[in-house]
Amino acid sequence: MAFFKHLGDKGQEEAPFELLIAVIVMGFVIVMGINAIFTLNREQCQGDIEKQMESIKSSLEVVARGEGSQNISYSMPSCFGEKDAKLQIVERDDPQTCSYYCGGNSYNCILLSFSAPSYNSLKCLKISNAITFPQRNTNNVPPICNVLPSESDHQPGEPYFEVVDWRNGAIPQGRYTLMKEINLYTSQPMICAYIRSDTRGN
């Protein structure tokens with residue numbers, strides 16, 4: 001009887017230790033699972049912005065070549081805070097950077113840049129360094145970037161647009177129509193970036 005009592009006491013002593021081991025293992029599994037989910041979400045988020053950047057790059061280059069207008073959408077992935085991340089067009093005068101992203105021996109290049117605290121990406125834009133994104137100007141002769149209607153002159157029930165300068169700070173999120181502006185009075189290449197105003201925030 002004393003022998004069996006000794007075994008029972010030993011089992012009772014080992015039970016808390018085994019429970020502690022089980023809790024530690026379970027905690028480790030939970031932490032690993034959370035890390036795996038976080039990594040997957042981060043990779044999906046990065047893939048989303050990369051896909052959007054490729055679409056914007058391709059559309060800009062098509063329009064810059066004069067091959068027609070392009071419709072695109074840009075939406076900041078949810079895992080990047082809008083206040084902390086931005087998409088913009090930047091010009092670089094760094095031969096090393098330009099050669100790396102655009103190839104050749106270029107000393108000046110135009111890049112599509114996405115920057116966030118946890119992720120950065122650059123893509124070469126094969127467009128003229130002189131290209132501009134002018135604002136709507138109805139007083140100019142002929143008017144500039146006035147093909148699509150604004151809020152003040154659209155017909156009831158029809159969409160209306162603002163015009164955004166993509167080379168002046170961060171590119172706003174939204175649905176865009178990109179058109180090359182043809183002006184016989186200037187040789188400077190221009191692209192009009194029309195953003196749908198009637199659906200912004202919806």
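## A network of salt bridges

Glu50, Glu54 and Lys123 are joined in a network of salt bridges, a salt bridge being a side-chain nitrogen of Lys or Arg within 4 Å of a carboxyl oxygen of Asp or Glu. The structure is a predicted model, in which local features need pLDDT of at least 70, side-chain atom pairs count only at pLDDT 80 or more, and totals for chains, interfaces and linings use all residues. Residues are numbered from 1 along each chain as its sequence is written, and side-chain values use heavy atoms, with hydrogens and water left out.

Across the whole structure, the search finds 6 salt bridges. Side chains of opposite charge can pair when their charged atoms come close.

Helices (H or I, at least four residues) and strands (E, at least two) are DSSP runs, numbered from the N terminus.

Lys123 is buried at 12% relative accessible area, whereas Glu54 is partly exposed at 39%. Buried means under 20% relative accessible area, exposed over 50%, and partly exposed in between (1.4 Å probe, protein chains only).

## Two further pairs

Helix H1 also holds Lys57 and Glu61, which lie 4 residues apart, about one turn of the helix. Their side chains meet in a salt bridge (2.7 Å, N to O), and both residues are buried.

Another salt bridge joins Asp198 and Arg196 (2.8 Å, N to O). Asp198 is partly exposed, with a relative accessible area of 26%, while Arg196 is buried at 18%.
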